[in-house]
Structure formats: C-alpha cells, structure tokens
Protein chains: 4
Amino acid sequence: MAANLDFSSDNAAGATPEVLSAVADANHGTAMAYGADDWTARLEAAFADLFETDIAVFPVATGTAANALALSALTPPHGAVYCHEFAHIAVDECGAPELYSGGAKLISLTGAHGRIGAGTLEGALDGAGWGVQHHVQPAAVSLTQLTEDGTVYTADQVAELCGIAKARGLAVHMDGARFANALASLGCTPADITWRAGVDVLSFGGTKNGALAAEAVVFFDRDKAQDFLYRRKRGGHLFSKMRFLSAQLLAMLEGGRWLDWAGHANAMAARLADGLTALDGITLAHPVDGNIVFARVPETLIDRLRDGGAVFHLWPYADGPTIRLVTSFATRADDVDALIGLAASRLSGA
Amino acid sequence: MAANLDFSSDNAAGATPEVLSAVADANHGTAMAYGADDWTARLEAAFADLFETDIAVFPVATGTAANALALSALTPPHGAVYCHEFAHIAVDECGAPELYSGGAKLISLTGAHGRIGAGTLEGALDGAGWGVQHHVQPAAVSLTQLTEDGTVYTADQVAELCGIAKARGLAVHMDGARFANALASLGCTPADITWRAGVDVLSFGGTKNGALAAEAVVFFDRDKAQDFLYRRKRGGHLFSKMRFLSAQLLAMLEGGRWLDWAGHANAMAARLADGLTALDGITLAHPVDGNIVFARVPETLIDRLRDGGAVFHLWPYADGPTIRLVTSFATRADDVDALIGLAASRLSGA
Amino acid sequence: MAANLDFSSDNAAGATPEVLSAVADANHGTAMAYGADDWTARLEAAFADLFETDIAVFPVATGTAANALALSALTPPHGAVYCHEFAHIAVDECGAPELYSGGAKLISLTGAHGRIGAGTLEGALDGAGWGVQHHVQPAAVSLTQLTEDGTVYTADQVAELCGIAKARGLAVHMDGARFANALASLGCTPADITWRAGVDVLSFGGTKNGALAAEAVVFFDRDKAQDFLYRRKRGGHLFSKMRFLSAQLLAMLEGGRWLDWAGHANAMAARLADGLTALDGITLAHPVDGNIVFARVPETLIDRLRDGGAVFHLWPYADGPTIRLVTSFATRADDVDALIGLAASRLSGA
Amino acid sequence: MAANLDFSSDNAAGATPEVLSAVADANHGTAMAYGADDWTARLEAAFADLFETDIAVFPVATGTAANALALSALTPPHGAVYCHEFAHIAVDECGAPELYSGGAKLISLTGAHGRIGAGTLEGALDGAGWGVQHHVQPAAVSLTQLTEDGTVYTADQVAELCGIAKARGLAVHMDGARFANALASLGCTPADITWRAGVDVLSFGGTKNGALAAEAVVFFDRDKAQDFLYRRKRGGHLFSKMRFLSAQLLAMLEGGRWLDWAGHANAMAARLADGLTALDGITLAHPVDGNIVFARVPETLIDRLRDGGAVFHLWPYADGPTIRLVTSFATRADDVDALIGLAASRLSGA
C-alpha cells in the first residue's frame, strides 16, 4: 500500500471500522426517533461512567454545533466570552457563537502556544466594566483542549483558569474537538481536566477521532442544560435517527478505544516531529503534545513537499513559514516515514 | 420474522442497505474535508441531471436545518414567510426559521388537507401592508410536498401558488422532507413540480426515505445561493467529513432507487388505507397520496391498538380521534396486514 | 380657532404644555448622563408611590421599544408569547419582539372586542406541547390595556388571565400604551390592574397621552429586571440625556395630570360615540371604554368625511366598513361636535 | 454665575435654546405620525443641501441606534465590520451592532490617536479569508469622526481608507457622533469628508452638539437604504411624534448653527489644552483636534481635581494616568479658566 502523505487534518481521515460496524449494527428494525432510542439511553450512562459523575449528554454532528450551542447555554446575548485569539470559535466558525448566543461578543486573549495565560485572563476580566451598562458583561471562558497550537493544558493549568473564571461568576466551556488527544497525552482521567478542574460544559469531539460525524455536548452542571433540548432543536441539530449518532459515540467509548485511537495519532505526531527536527533547517513552532506538528521550514521546501505529494496547510498565524501537519487514527508509521523521507530528500536537493 | 407494528414515523426506520454500503465504500483513505471531496463534486452533477437544469446543492443532515437555512436565504429579518398553519416549519421546528432568519415572521394560512389554498394566499398577500413600515414585509412562501396531511400538490397547484407569489415578488421554498413520496405519487418529473412550476429552493429529503441522515438544499436560482456557504457554516451544519453525507445522497439517486423506496412506502400506505377503511367505523381524514394514513377511528380502538403492540401518533390537529400511520421503505406487506388484522380483531371485540 | 378634524391617532397630537415646560425646566446646567441624574432618581420613587409597591423603572422613548424590550426579559429565544391576534406587538411592530427576544414566537389568540378570552388562552396553553423539544415553550402572555379595539380589561379579567398564566409558570406583560385611558375608565388604582392582578411587567405609555416621546418599562418583579440595563443599551434605547425623558414622565405623574388628560380624551370619545350613534346608519363595532371609537358607517360616508376634512383610519380588521376615530388630551368638544356635524350633513346629503 | 467644572462629556450638557424653541414651535396642532409630517419632509431637503447630493435621511434618537442600524444595512450576519479597537461601536454599545446585524463580527484594528492606519486595514483585509466558508466575510469599515481619541481624519485620510475598503467591495460607515466638531476643525465641506471621500452611510450626531436627543442616519447610497424603514421600526426606533426629532435637527442646521456650536466647543477645548499644558507635569496624550482633551497628569492630581469639584473620566485606554475632558456648546471660557486655575493651584500645592 502506497504511503498516504495527506496530513491536512484529522478530519481528512475516514471513520474507524469499529464506528462503521456500530452504525451497521444499529441499523435493525425501527427505533423511536429524536433520541428516545436504546443507544441514546445507554449513552448517558456510558459518559457518566467515563467522567465519574452525573452528567447530561447531547449528541450533535459537528464541532461547531457543539461549541456554539454549548456557549449559548452559558452567556446572555449581552455577554462576553473570553477565548484565545486563535480559538476555533473565534476564527473558524463563521460567527456561529454569535448566531447561537444572539450576538454575544468573543473577547480574544493572547497567550503563547495556544494557551490563554492566567494573568492575561485576570487582566482582561479586571478591566471588563462589570455592571456598567455600556459594556457586554463577562459570562464565560472557553478553553480549547488540545489547543489550536497542538499543546495541552495540564489539569493544574485548567484549574487555575477555571478558578479565575469561577471567582468572578463566569462559566467555563471546553472545546474538546481533540479532547481525546489531550487526554491520551496527559495520562490523567477525563474528570481531572474537566469538572474537577472547574469545567461546566465540554464539547467532546468524536469526528476528528474516527467517527463519521459525532460529537457530544457534556454538561457537568445539569442546571445549565435545562433548555438545551430546545436550543439544539431550533438550531436544526436534533437528529431524527439519533441512534446512529449515539452508536458512534458508544463504539468509541467501548473498551477505551477512543483513547487508543488518539494515542496512536499522538505517537505518529511524535514520530513525525522527531524525524523532521532531526533534519537541518526544520524546527518546531510549538511543543507537540498531541497529534499536530507545527514545523518551521525553509520557505523553498513548502512547494517541494507539495510537488512530492504531501498535503498540509501553510499556517497563517505564525512567524515565518510554518506548516501544520496533523495525524489521525489512520496514519501509519510508513506514512510518517515517507513524509520525513520526502522532506529529507527535498532539503538535500535544495 | 415477527410483524413490525411501528407506524410512528418514517424516521423510525433505519437506513437502506444501499445507503449503508455507500457510506462504507466512501470510507477509504483520506479525502479533503468540508466538501472538497469527490463525492460532493459528483453530487451537483447528479442533482443537475435529476432536475434537468443548473443548480446549486448543499448537503445537510437534518430537515429542520435544510428548511431553516433555505428560508434564511429568502427573507430578510423583517420579512414574512407564508405557510400552512400545520407546516413543519411553523409547528415542529422550535423556532428554527426564526433563529436562522434573524426573527422573520411565519404567517400561518389555513387550507384543507394540508394544502394552502390559492385564494387564501392571495387574500393574505393582498392585505399584507406592503411598504408600510409597521409591518413585516412579504418575502417568501413555503409549501410542503408531501404535505403534513399526507397529500400532494399537483404540478398545477404548485404553479398556481408560485404564480401568486412570483407576481408579487416573493420567493418560493418547498419543504420536501417527503418529496420522494410526492413524486412517486404524482408520476411527473422532479422539474415539473419544482423550478418549472416556480420553486426557487427545495429541501430535498433523504432521511425519511432511507438515509442515515442526509438532506440536500437545492437552489434552482443560483443568485439566491450566493452566501449559503456561510449560512450553513455558521449554523454548524458544515460537515468536515462531507463525503459521508454526499455518498448517502448519491446512493439514493443511483438508478432511481429513491423513487423505488418511496413508491414502496406509498404502496404500503395505500394497502393500509384500503384495509382499514374496509373495516366498520374507520374512515380517512385525508386522501392518502403518499406514505401517511390519517385514520379516524373509534376512540376505544386507540388503546386497544396500542395494547396490541401498535405504535403510532394520536393526531392533535384533527376533529375527532384520529391516528397517524406512516410507512417507509422498510415496511412490509406483512406488517401492514398485521396492523389491519389487529384493528379488525379489536374492533369486533369492542 | 377652527375645529381640528384629525382623529387619526392620539399620537398625532403634540405634547401638553406641562410636558414641554418640564423639559425646559430640566434644561439647566450639566447633569450626569445615561440616567445618573436627579430626575431619573426621582422617577423610581414616583412610580413606586403610584403603584404602591417596590418597582424598577426604565424610561425609553417608544412603545415598540418598551414592549419588545419588556418581552425579551420574559421569554427565551425558544419561547412562545401569547397575545391577541390584533395585538400591536403582533401586527404593528414589524417584528420587534422577534428581534429583541432572539426569535421567540408570538401565538395569536382570538377574542371578541380585542380581549383574549380566558378559555381561549387555557385551550392554547393546554395544547402547547410542554416539554416537547420540537415546540417553542410557553413563556409569557401579553395583554393590551386599553385593548386595540378600545376596550378595557377589568381587574377581574386581568386577574383571571394572569391566574391561568401563572398557574402554568408563564410571566405576564401588559402593553399599556393607553394604560392611562384604561385606568381613567376603570376608576381603580394602578396596582389593581397590574401587579395585584398578576402582571409582572408593564409598558407604561406616555407618548399617546401628551408626552413628546416617553414610555416607562415598569417591573413589579425586580428579579426579571436583572439584566434590563444591558438589554436597553444594546437596543440603542439608553438616552444619554435621560433627564429629558424622566422629566416628561415626572410631569405627567405630578398631581395626577396623566389621568386628567386621559380622562378628558375618554370623555371626548364618549361624546363622539354618542353623537355618531344618534345618527341613522352609524353603529359601534366595539364598546367605547377609552379614547377610541370604532364606528360602522355606510361605505359612501367614508370619502365624504374625508372630503370634509376629517382624518382617520379605515380599519382593516373589521366586518364591513369601519372607521377608527381616536381622541386625545388635545381634542376639544368643538372638534368632536364638528365631526358629528360633518357626518350628519354628509349622511343626510347622501 | 459659578463656574461649571463638569467636563465629563458633551452629553452632560443640556440642549441649546434654539433646539428647545424649535420643539416648542413644532408643538402646534396635530401632525401625521411616524414621519409623514412637514418637519420631516423638510429634513431630507435640508440634508441634501448640506451635503450637496441626493440622500436618504432617517432621524433616530440615540447614537447607538444610529450606528447599529446603519451597520445592519451594510453587513450580512456572517459579515465582518472593521473598526478601531477603541471604537464606540466596539467597546461602548453593549453589543448593539451584533444585535442589529444578527451576529456580525467586529474586527478591532489598532492605530495611533484613534485613527485606523491604512496599512493596518490593508493587512487585515488581505488576511481575511475571503470566500472561505469558515470565516466571516469582510463587509464594512466603520470610521469615527471625530475619533474616540479626539482627533480628526482629514479628507485625504478618509479617502485613503475608503479607497482600500471600496477596492475590496466593502461599504464604509462613519460614526459621526461628533461629526460637527470634526468638520468645524477641518474647515472643509460635509461632502468632502463623507461621500466624496467614499463614505456610504453617516451617523450624523446631534445629541452631543446641543440637541435633546436627535441623530440622523444619512445614506449617500440610496440602494443601501432600501429596507431601512423596516430595520428602524423593528428596532423600536420609529418615533410616532417624529416632528419633534426632525424639528431639533432642522434647528441645528438652520444658518449653520450646528457648526457654530461645535466650533465653540472646539475653541473651549483648545483653550483648555493650552492652559493645562502650560502647567508643569501636564501633557497631552493626543492632539486636540476637536472638543476632547486627553491630559496626562500626575496621579496625585486626579483626586485633588475631583475634590475641587471637577467632573471628568479617568481614561482606561491609556498609558499612565490620563483624564478625559470634554467641552460642549455650553462650556464657557470661565469654566475652562476655572479648571485650569484649579489644576494650577492643586499642582503647586502638591
């Protein structure tokens, strides 16, 4: 089998065989529509086990839906949501949080390697014009785990940011499109980096980790989920044949597969980072904690890699020529080695 | 195999084997995300063939998303959308059209058997306060085909309503959640009851007709689709692994399968209607043009049918006790006959 | 002075001299902007006295703003607001409630003479699909006092409707654009037909009763007013020179002037109704409880009255030719008599 | 008369006698409501004369309403509006632009002294992700004239920014809450710094320049104003007694009074700046082009000025202790000199 040099994104991969089988297995007979089916009933229990606490779970099909709907439950229309300046919700969702929240404002915060700095968050909140009618009012903080720069927040870092938020009455959302990759990297429990650290709502990602299309909005604070059913429906995100969403998520959780898949993707990224940085002229823009490698490369190399068949994104939010390479459950060591080999040959040919 | 007495809805059925196979077939290797894949590229051509005209097609996963997004492209926030009082967009979407349009108003019109009457539409439009700043301004008409009462609009009826709308500058949307059932019933071409009759945008339903979750928003007027990409994305309805949506729709269209499946569902509904109305005390509330039977039954029969294992909805929008029975691609003649038999036995036992 | 035959609306009148003087009196020196001025500070006390209870008051400049902002505090975006089918919020505000609520749905209820019938409200609420995710959820009832048909709700009628709403957890809004006229007609206290009867928020009208432009949103339940400051500001309804709004309202309340003005308008309407109905061929479409007369007239009379200089609206929501005549603080008995005389002469000339 | 040391804002001043008289003069007899009156009819002609071109004018009562409504006519919900990071629309309107636009995103740009830098705008637009569905799409630029830092854009500077915007298809809005002060400072014609330079819509400020509450949304491109009537109404910003808004604006324009008033305010600010900077330890944070002085002062002086009766804002968006002092039509030379004297005495007393 020829090497696959497509490192454009983890969502360029298909679904795992286990996910596909689960969908096929769920396709027998009729089932009550809109979530009143057996698979969805089992889902809440499975997530409660995973997170070691009582939760409310709502399957949706896209990460943007999960994020925007979750945030809409945390902020009034006149609220402010604090996030990293490169957060997916801020730059890659075409205004979905604004739509679902009725016009709340995202406040972008800087921070090295994709992480919001505690001091930066504190400073922003302290200067926020609390109680002044001219200003949007601080309502929520959104953290991305794995961050958009491919790094993790440790449990302590999450707890510190949540502490700052909670002390001021803000809710905390975690965009976990790559939650599995972060967890596989950190080696802690799901609870440790979510509700135990202060997170109220998690967008639990499935699609980037081997699902066809499945995410779960997980509320650790049931009070905040009170009207989520209606929010999801009016967003057009209530699936009639919900069993097929729930079956995907159940298949992921079963036997810890989701962490195995993410762990594999992470290992492939580490292998890729090691191989590339062993070459002259290639360095890392960010630590590689999960399944994303940001490699600073000689500008001439970019086209040469593409000519050699490699697929990836040139990263716009970086100093100097930087390419983003993403691995997935489906990435093989051969694929990684082939890309490293290609880079080596094109560098030497320069 | 035991008879399946679940007639609650066509979305209680699973997916057809052909749809599942197509998803599995699409699951090989990587593919560009967000619609830049081969399956999606083929989709526009397939729909253009089907509708015999140039079109723009946007796959989404739910009918509510298809409808609300389509309408948002046709009305300003201060616009009015005219629809039947029992239209799905008016009563079953929890305000999705209002969310996506930014607050446009749905104007409910009466009409026998789920169809908007031409005179009723004309009267409503004539009294609409055109150009008066105090009033929302007429922007669009939405027709449901198959209607919520299980009836069809003929091509002439569609054309008449579209004519009234077009003469006054309104756009026309068709909610085709059961478009296949209507078409299988009418025996005309897809073009005849859409753009040739004056429809601008169609919500082409797949989910109720054997897909896992796949609908297509079809624009016959490309100008109106100009910013649909952004609307879809900010609604959270852009799938990263779009190929799996497109593959479902392609599998449906291939060789006219979608009409075969809908035709089967219709035949089962006809068989059911015939069988039930042959019994004393059961009559039809509406003509059975597609795959939905509204049966007026003795009140005592309702619980007896349920005790016998039948699953269905008691219909709230009817005079006298009325049950709704929906068939699908998966309904077998044995299922239908078993329900008729159950009704017969419980009626006689009364 | 020639008779003024303009009975088009009470907002066609200017401001009372007392209101104008109060504005001029407030125009000395600087004052803290945005409501931190002395006039606004006095306003809350004045309204608390008037309503014999603790309240929160927010001046705005238009009735549409008052209504839409008030409702936005009572309903989530997925909520339903029940109102009369001819309610100003439903037909004359171009979708303002939808804008401010983020897309909530107005449910129109029928009822004779502009009043929502208790049974109609109960029926609508009982069939509302409570807790079902496909349906918008009942959130509020809005009553108009004086109604759009010129009638009053008695305190008992208000209490009955509020009781139905409250028993089901809904909040109650009162559109009091002509609250003064209703109160002058009923002869009860402001408290009796508002919070004592169950009203949570009142749009207290000033503009139609002699102000330049001044309304007050009055919250009897302070909890519901928690974020109203932000809602008002983001709607662009926070006046920097708030003293000029507050001064108008204070001038109205002073010495009960507002009720005197409304009482005068009501008396003029009664005189007009008496005079017109004494003529052959003119009857009343609705009881005249306040300052609005709906007169059923021979169709030929309409143009003749206009030819004679009368200004009024032909009413679209009526059976048979019906004209609406509105009186105000500024209407003189001579104006009324002149109109009656004109009608008499044109009828006899027919 | 004692000196008035309130330099908190130009909206702390009342109205000019001329404005008050005009309102009183307009208060005779009845007038057609909602803008169909003589004053409003004259307004469009008066503004057309002033701007030497055909225009559409819409009076509203607040600057936030003017800005948010104007922007809503220029951007779709998925659009981006570029503005200075300290722009009123971005930081002082509690999300009004987001409400009225249906969730569009404000993109903040840096720039010295409150002015957007041409290069900064170009850079932001070049990197905007045009045509990429994940990103909001550039729709408009908003300039503030006088800027929030009290400086002007010259006609050339406006033209340069408009050129950059127009070359890329963006519309241009000007927030002219202090347009009069800018114009009085620049000495050019209103046309020169608006439509001739490329501005499409102007929020023409009246309230800060001697009106009770009156602004005008001025469209130089009538096509963009097509549905503004409805937008204004559904925002609750349509005044029934519109004549009182229009009369204020007419009184301002008459005989160029508005420029006289603004010129006076500017002269007072210049006098204040001169006096303060003659003192040791006080410097200007920004050039004083209009009626706002940003003075860098010794930190100890701030409380001492307040103890002496001075009223002003400590400015949060500045390096080091900076106070904002605003003059108005009502500021007298004695007031200015008194403040300078107070500062001198408190500095020397330090």
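Me: Which side chains do Glu98(D) and Lys105(A) use, and what do they meet in?
Reply: This is a predicted model. In it, the side chains of Lys105(A) and Glu98(D) come together in a salt bridge, at 2.8 Å from N to O.

Me: How many salt bridges are there between chain A and chain D?
Reply: The count is two. For residue pairs in polar contact between chain A and chain D, with both at pLDDT 80 or more, the count is 10.

Me: Which elements of chain A supply residues to the side that touches chain D?
Reply: α4 (88-91) and β3 (105-109) of chain A each supply at least two. α4(A) gives the most, with three residues.

Me: And by class, what's on that side of chain A?
Reply: Six nonpolar, six polar and four charged residues.

Me: OK, area. How much do chain A and chain D bury between them?
Reply: About 1,200 Å², with 47% of it on carbon and sulfur atoms. Of the area that chain A buries against chain D, 38% comes from Cys94(A), Glu98(A) and Lys105(A), more than from any other three residues.

Me: How many residues are in contact there?
Reply: 16 residues of chain A with 16 residues of chain D.

Me: Switching topic: what rotation superposes chain A on chain B?
Reply: One of 180°, with 0.0 Å of shift along its axis and an RMSD of 0.0 Å. The two copies are thus related as by a two-fold rotation axis. In chain A, the C-alpha nearest the axis belongs to Gly235(A), 3.5 Å from it.

Me: Why say the copies meet through the same surface?
Reply: Because 100% of the interface residues of chain A are also interface residues in chain B.

Conventions: Residues numbered from 1 in each chain as written. Chains lettered and ligands numbered in written order. Predicted model: local features only at pLDDT ≥ 70, side-chain atom pairs only at ≥ 80, totals over all residues. Heavy atoms only, no water. Contact = heavy atoms within 4.5 Å. Buried area = accessible area lost by both parts, 1.4 Å probe. Salt bridge = Lys/Arg side-chain N within 4 Å of Asp/Glu carboxyl O. Polar contact = N/O pair within 3.5 Å; in protein donor to acceptor, adjacent residues only side chain to side chain. Helix = DSSP H or I, 4+ residues; strand = E, 2+ residues; numbered from the N terminus. Nonpolar A, V, L, I, M, F, W, Y, C, P; charged D, E, K, R; others polar. Least-squares fit on C-alpha atoms with pLDDT ≥ 70 in both.
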